[in-house]
Amino acid sequence: MKAFLKYFLGQGTEVEFVNFSLAHFAPILIMLAVIFAISRFRDPIRQWKWEKKLRYIMAFLLIVSEMSYYWRLVAIPSLGPNPVDHLPITVCGWVVVFASYMLLGKSQVLFDICYFWLLSGSVFALLTPTVISYTGPTRFRYYQFWVEHTLGYVAVFYMIFVHNMRPTIKSAIRAYVAMIALAVVAYWANDLIGPGANYLFMARPESTPSILDILPPNFALRLLVMVAAVTALFVIAYLPWYLKDRKAKKKEAVSV
């Protein structure tokens, strides 16, 4: 048992996880299936007497998934903890915390941040999850990563379908300002800590292949491209709601 736990909680020395493989697509497909089920059965879920407890369970799973990442590092000293690599200065990490409190208190402000941060930042973690390259499906880190990163999407779309939450222009501005604040903290941390730090991938490309490899190594150009990409993704994330509102206004004008 000790040998199994050491292996399961540990990390491989060679690449075990391959992008665009079954191990990559399976968690995403499960996430999409769960979101579809929530959409399909939104009314029964809304009226279910255990609906509040369901939200609490999701919030608990989100927090445990984030905390278990650090528990693993503490349990296996050879993996860390290393403050350079594991300070809580990430979009994905904060989304987990915000989404948990969003579920508990049905907070519109936290929904705004989670919605735009997921669709403009965390989405890259789903496309090319480089941080689990050395921990495939036989490792704990693989499951911890996917629970943490997919359950945030489930939580946000749960609030959309079951509790009729939606973003607005003000929501986008609020989330954008919050992301700028996080970027400032990340830049300060990267500069203070030095070569080992790469929060928000602002300092350099990662050692393993990812979609972020297209970013230029020059910091000014890198930052410019990242700002342009995030801004474009914010617009794309809000576009369905803009088109929906526009269609509703046209329909209302015709009926009048």
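Does Leu127 count as buried, partly exposed or exposed, and at what relative accessibility? In this predicted model, Leu127 has 38% relative accessibility, so it counts as partly exposed. You will find Leu127 in helix H7. Phe25 is 102 residues away from Leu127 in sequence, yet their C-alpha atoms lie 9.5 Å apart in space.

Let us turn to a pair of helices. Helix H2 covers residues 22–40 and helix H8 covers residues 140–163. Their axes come within 9 Å and cross at roughly 20°. Because angles under 35 degrees count as roughly parallel, H2 is described as roughly parallel to H8. The crossing of H2 past H8 is right-handed. On the H2 side, the residues making the contact include Ala23, Pro27, Met31 and Ile35, while those on the H8 side include Trp146, Tyr153, Phe157 and Phe161. Sorted by class, this contact of H2 with H8 has 15 nonpolar residues, three polar ones and no charged ones.

Next comes the largest nonpolar core, which has 58 residues. Within this core, Met102, Leu103 and Trp117 touch the most other members. Several helices each supply at least two of the core's residues, among them H2, helix H4 (51–75), helix H6 (91–105), helix H7 (108–127) and helix H10 (219–255). H8 gives the largest share of this core, with 13 residues.

Definitions and conventions: Residues numbered from 1 in each chain as written. Predicted model: local features only at pLDDT ≥ 70, side-chain atom pairs only at ≥ 80, totals over all residues. Heavy atoms only, no water. Axes fitted to C-alpha atoms, helices over the stretch in contact; angles between N-to-C directions. Helix = DSSP H or I, 4+ residues; strand = E, 2+ residues; numbered from the N terminus. Parallel < 35°, antiparallel > 145°, perpendicular 65-115°, else oblique. Left-handed = near helix turned anticlockwise from the far one by under 90°. Contact = heavy atoms within 4.5 Å. Nonpolar A, V, L, I, M, F, W, Y, C, P; charged D, E, K, R; others polar. Core = buried A, V, L, I, M, F, W, Y, C linked by side-chain atoms within 4.5 Å. Buried < 20%, exposed > 50% of the residue type's maximum accessible area, 1.4 Å probe, protein only.
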